[in-house]
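Me: I am new to reading protein models. Could you walk me through a few features, one at a time?

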Amino acid sequence: MRSIDKLIIGSFTVFFIFAISIDYINSVATVNEEIINENTSKWIWPPQFVLKLFYWWCENVDPILLHNDYLVKYLTFLSPFMFAPFYLIATYAIYNEKQWIRMPMIIFSLILFFDLNYFFYQAVFGTEKAKNLLFFILGYGYYQIFPLILIYRFWPKNVFKNKSDRRKKN
């Protein structure tokens, strides 16, 4: 297994944990209502320490998550219910060197990249700007770089060669 594959599997593991814990909060919370402790204190999942971490992050870095508008809910809904299963499938495929994962990985990369673009736009230009842009970039920046790593790793290497070069090999 290549070093880049280990990095990807490790990233998918961390992303999976965030998807089923932090992102799950916005996915199941009521739309257009502020997510407050009184509404989530009786939740069984995620654990209370995760909710406290979520509140800290929202109060100090990314306030848009607390208000959970329709687009935020939709985008965060993708994480636990679409991305999390994909992380498991992709990890299996990478570990077992399955080639069928190439195209789904590129599609996933594009979805993830543009999904996070909305949050970056809101953090810089939106009505609820990030309270601490440095922490915001440290927290979300890798989500903008990671899709580029995936495309680099899974893009077919001979796509741009002309047909005459391919014929010479055969």
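Me: Let me start with one residue. In which helix does T40 lie?

Reply: Helices here are DSSP runs of H or I with at least four residues, numbered from the N terminus. T40 belongs to helix α3, residues 37-40. Before we go on, this is a predicted model, where local features need pLDDT of at least 70 and side-chain atom pairs count only at pLDDT 80 or more, while totals for chains, interfaces and linings use all residues. Residues are numbered from 1 along each chain as its sequence is written, and side-chain values use heavy atoms, leaving out hydrogens and water.

Me: Does T40 count as buried or exposed, and why?

Reply: Buried means under 20% relative accessible area, exposed over 50%, and partly exposed in between, using a 1.4 Å probe and protein chains only. T40 has 1% relative accessibility, so T40 counts as buried.

Me: Which residues is T40 in contact with?

Reply: Contact means heavy atoms within 4.5 Å. Leaving aside neighbours within four places in sequence, T40 meets I35, Q48, L51 and Y55. With Y55 there is also a side-chain polar contact of 2.6 Å. A polar contact is a pair of N or O atoms within 3.5 Å; within protein, one must be able to donate a hydrogen and the other to accept it, and residues adjacent in sequence count only if both atoms are side-chain atoms.

Me: Now a pair of helices. At what angle do α1 and α6 pack?

Reply: Axes are lines fitted to C-alpha atoms, for helices over the stretch in contact, and angles run from 0 to 180 degrees between N-to-C directions. Helix α1 (residues 3-20) and helix α6 (residues 70-95) pack at about 155°, with axes 9 Å apart. Angles under 35 degrees count as roughly parallel, over 145 as roughly antiparallel, 65 to 115 as roughly perpendicular and the rest as oblique. The pair α1 and α6 is therefore roughly antiparallel.

Me: And what about α7 and α8: how do their axes cross?

Reply: The axes of α7 (residues 102-125) and α8 (residues 133-154) come within 9 Å and cross at roughly 160°. So α7 and α8 are roughly antiparallel to each other.

Notes. Helices (H or I, at least four residues) and strands (E, at least two) are DSSP runs, numbered from the N terminus.
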